[in-house]
Structure formats: structure tokens, C-alpha cells
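Trainee: Could you take me through one part of this structure closely? I would like to follow the links that hold parts of the chain together.

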Amino acid sequence: MERFVRLISTTPLLLLLALPLALASHDYGQALSKSILFFEAQRSGYLPHNQRVKWRANSGLLDGKASGVDLVGGYYDAGDNVKFGLPMAFTLTMMSWSIVEYGKQMAASGELSHAMDALKWGTDYLIKAHPEPNVLYGEVGDGNSDHYCWQRPEDMTTDRRAYKIDPSNPGSDLSGETAAAMSAASIVFRRSNPAYARELLRHAIQLFQFADTYRGKYDSSISVAQKYYRSVSGYNDELLWAAAWLYQATNNQYYLNYLGKNGDSMGGTGWGMTEFGWDVKYAGVQTLVAKFLMQGKAGLNAPVFERYQQKAEYFMCSCLGKGTRNVQRTPGGLIFRQRWNNMQFVTSASFLATVYSDYLTSAGRYMKCASGNVSPSELLSFSKSQVDYLLGDNPRATSYMVGYGNNFPRQVHHRASSIVSIKVDSSFVSCRGGYATWFSSKGSDPNVLVGAVVGGPDAYDNFADERDNYEQTEPATYNNAPLFGVLARLGGGHSGYNQLLPVTPPAPKHVVTQPKPTPEPKVTPSPASSSSPITIEQKLTASWNSKGKSYYRYSTIVTNKSAKTLKFLNLSVSKLYGPLWGLTKSGDSYVFPSWLNYLPPGKSLEFVYIHSASPADVSVSSYTLA
């Protein structure tokens, strides 16, 4: 791995290429199933009878008890065991938005009930966390003590103190985001569970009033959150965000006028953004208000709403690379904002581009960027390119969704997945003992964290699958939530839906379905080696031209055609003039990658390489069958 990283870094010409990868289409339905399943591995509290992630068990059963409140339940945010309120609420808002827009497509694929179960697990917790109109619990556990330990959630010995905001210690960003989450979720449950939807809306209205009346940043009141989820953008974006969702949920003109009255002073019409995520909500607000404008609901607020829309389209143009200030791209085409968990910005931007594409289509409009007009289909193509990259169409041929495809991260920075399940070995894992035994292990995770979207590659498409590489291998709930909608849309199509009409997701049909198995690659045996137990097939998967020179990307599939397990494989690769991914260099030859110890009968492995020549010569030097 290190050798390949160095090889890429010393080849600047390759780094400058924008690869027009057009590889095999993906199974978006399978990816959707897995992305939802991930949330079952993040559950805290008493697990339900229909829990599908069987290696997890009950945890955090005394949360809130010391404060006299029941805070059992909810989600762990990432690879640790803390429940952080701000990112959890944003996760639930994005889950809800995905279901509101694309619930019909989810229903058609049989995943709507799973998506709504995932949402309700979170909103049930938010209800508990809001025991009084002006009190909201925003964190359980402490990041400092939690990160000192490496333990399964089931073994936690860390401080489980609960932290709250109230009128004396306000947090308008936290309460505003929670109001947005609960109002958006009320739309989701309006048809299938109207009493629950009304309860969510009651909490949302109270929380917005609390946020607007007692203003302040939540991390000034819950200072232990500053190191992990500091509110850099402040709270104005969350107040506008909550008002937008409350208008959608209630159709109350008060919230629409709030957006009109405060759009300029709170930054809704002023901030031109190139990011959208758990901290900065402006691009999401601007997209929703642009929707209201295209729906013809603006009324006297139309001049202000037009300025919101201009900023929404500023964001879209920047993602496409057609604006006045564009988002950075990796050589492989992935939008890039930061080294630490860049994939969160990829999934959230892809979602906004997807819904805005459908809003424009429904309105019969196109978008105007600095470099010219942009059609709705171009926005959707951008979203598809980002999701396809995430799922494996990238220079490394790596899927950044665990459990999807053949080549995905095996050493995820995640306490529960990296430690043997308590159901397999109930021996207590101590605070520091977990580091010594499990964190430092170079082996694959004993529990596959199916569906988790990890932080992803760096600015040059490089990625190190190592557990201590938290910037790249740690997953997060807010990486996955926006993907719900994008994957449902890409898998289910549009089918003539008008995204500007009021939408209430259909009531789900509660069926229990296991995620579809990952399909094995279809390999045509090489005629030249048909009698050999090991076959090799190479194919050209992409080509491009840069500065007058042609470059080619080749995929090579090695298949064990025997009836025995392939225990050792030594490949000779000659006439190779560029980087190779998916094998480990051993002297002058190549052997199994670090995540693969053997190849069962009938199974295949894939590696890829890029160079400016005909296919390299690949042959089997030696092998061992047992």
C-alpha cells in the first residue's frame, strides 16, 4: 500500500487527470439496503426483536439515570460510543428529507419500512431528550474519556454524564436542528402514524420557540462538545432551517414569513456556500426556499426568496465546476473539502443536487451558471458520478461503503466492529485493553460493518485501510443519511413524479428482508489458460487523453477455477508503467492483498492498474491449493 501511495505521489501527470470513469453500473438497490442496515449497528439502548445486525447487543442502559431522565436509545454518531445531539439530529433531518422526496422509490424496492424504522429509532430518542419545552439534552457521554478507551458499547466503563441546554444555558443551533428533524419526521409519519406525527410536531414547535427566544451557541453551554462538534457557523442557519421545515410540516404562514423577514439579516440570502453538512445548513435552507418559490408559495416574500434561490444555484454551480468559485476535485473526480471524513460532504452535496435537479424538472426550468445554462439532467449526472465513485468507480477500484463490492475497507475505525462480538466472546474488554488487543490488530474487523460509508480518500484519491487512520476509515451516521434519497432516486428513477407537489410518503409494508448478497463478478475464463486452475482475464475499463498522451485503466480478474482453496498465489506482472491497486508487492512479484488470506473455490479477486500502454503481461508464477 505504502509503495503505491509513493508511486502515485511521484507521478504528477497522473494526479492532474480528471478521469472520465464510465464503468459497470451499480446495484443501487443493494447499496440502499446496506446503507440503511448500517444504522442498526449504531443503535444504543435495548435492541428490538427484529434487529438484523446480530453481533450487536444492548448498551447504554443507564443513560440519563443520574440526571433523573430516561435517555436510553438513539445512535452512536461514528466509531465511538458517544451520543452527540447535533449530528444525530442532522442525520435524522436528512433521513426524513430522503424519505419525503423519494419514499415511493423506497417503497418500490421494499426498503421504506426499514428506512422509517431507522428514523423512528432516532426520533424516539429525541422525544426523550426533550422532557420540558425549554430543556433539551444534547449529549450523553464525554468524547475525551470515550476516546481514551477502546471498548465495545456493551462493555462501556466511561463517563455517561448527560449534558443539557436550557434558558440559562441556551443552544439555538442544537434546538433548531432538533426542531428541523422532528418537523421533517412528522411529514414522514403523517400517514402511517398520525398520532406520532402530531407528537413530533408539538415538540418541534416548542423547540423552535426555545431556540428563537433564548439565543446562543450550544457548544458554549455544552463545552465538552467543542473538540468534536464545534458550531462554527453559529445558529442563524439552524433557525432558518427549522423554520423551513416547520413551514413544510404545518403550512403555517408564520414560518414562511420568518424566512422572508430574516433571510437577509441571518445570512440566508447572503452566504454563497460550497459545503453542506451537520454544521453549516445554509445550502439546505436555500434549496428548500427555492422549492417554495418554484411552488408559487412565496407571495410577498418573492424578492427575498429569489435571492435565496440565487445562492442555492451558486452552490449547485460550484459543485459542477461551473461557478465563480468551484469545489475542489480529486484527479478521479470526487469533490474534496477536507482530509477528515470528506465523504460527508460528498453525500450531502449529491443529495442537494439530486433534489434540485428534480425540482427544476418539475418546474420546467434550467439553471444558469457563470459558464452557461445547466440542465437538470446535468445535476443528476453529477450526483451519479459522486455515488458511483463512492461505490467503486475510482482509480483505486475501492468501494467506500463497507460490504459493497469486492474491495472495501476491512479495518474500519469503529469500536464495535473491530472487537469480537460479545455474543461470541463475552469476556470483558477493558478500557485500555481494547487498544492493546483489538485496535492495534492488523487483521480485518471480526464484525463487518455492512453499509458504513467511511471518510474516504485524500485529495489525490489515495486511501490507507488502517484502523488508526481515523480521518479516512471512520464512518459516521451523517455520511449515510443523505445517501438514502440519492440511492433510492438512482435505483428507482423518477417515473414522472412532480417534486413540487405536496408529498406524503406511502405507508410502509412491514416485511423483513435481508440485504441482497453482494454479486460475485462474472468472469469469462481466458481461452489460453482454460486448463489451468487459475484463470486471468484483463479488460480495458476507461481511457482518457491528457496533454496529447493517452492513458488506460485496466481491470484484471483472477479466478480460482479449482475445487480446492487457493492458499497462496504469486503473480508476475511485467510491462507495467503505472500504479497498481489490489495486490501486495513481494520482491519482483505480487501476492494476495493484505485483506485477503485465501481464495475459496470459484471465487475471484480483482486488481486494477493505470498506464499509457497496452495491457501489462500478467501470469501465474506459483500457487498452492489445499
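**Paired strands and bonded cysteines**

Mentor: Start with two strands. Across 12 bridges, β8 (residues 534-546) pairs with β9 (residues 549-560), and the sense is antiparallel. The two strands make a hairpin, with 2 residues between them. Look at lysine 547 in that turn: its phi is positive, about 55°. Now pick one position along the pair. Lysine 539 has serine 555 of β9 opposite. Keep in mind that this is a predicted model.

Now turn to the cysteines. How many disulfides does the structure hold? There are 2 disulfides.

Take cysteine 149 and cysteine 431. Their sulfur atoms sit 2.0 Å apart, and the two residues form a disulfide. A disulfide needs the sulfur atoms within 2.5 Å, so this pair qualifies. The angle about the S-S bond is -85°, and the link is left-handed. Where are the two ends? Cysteine 149 is in the loop between α6 (143-148) and β3 (162-165). Cysteine 431 is in the loop between α17 (415-418) and α18 (433-439). That makes 282 residues from one to the other, so the bond links distant parts of the chain. Are these cysteines buried or exposed? Both cysteine 149 and cysteine 431 are buried.

Next comes the pair of cysteine 317 and cysteine 369. These two also form a disulfide, with sulfur atoms 1.9 Å apart. Their link is left-handed, at -90° about the S-S bond. What does this bond tie together? Cysteine 317 belongs to helix α14 (residues 302-320), while cysteine 369 belongs to strand β6 (residues 367-369). The pair therefore ties together parts that lie 52 residues apart in sequence.

Check the burial of each end. Cysteine 317 has a relative accessible area of 5%, so cysteine 317 is buried. The cut-off for buried is under 20%. Cysteine 369 comes to 7% relative accessibility, so cysteine 369 counts as buried.

Now put the bonds in order. Number the bonded cysteines along the protein chain, and the pairing reads 1-4, 2-3. One cysteine stays out of this scheme: cysteine 319 is in no disulfide. Its nearest cysteine sulfur belongs to cysteine 317, 9.3 Å away. Why is cysteine 319 called buried? Its relative accessible area is 3%, so cysteine 319 is buried.

Methods: Residues numbered from 1 in each chain as written. Predicted model: local features only at pLDDT ≥ 70, side-chain atom pairs only at ≥ 80, totals over all residues. Heavy atoms only, no water. Helix = DSSP H or I, 4+ residues; strand = E, 2+ residues; numbered from the N terminus. Buried < 20%, exposed > 50% of the residue type's maximum accessible area, 1.4 Å probe, protein only. Pairing = 2+ DSSP bridges.
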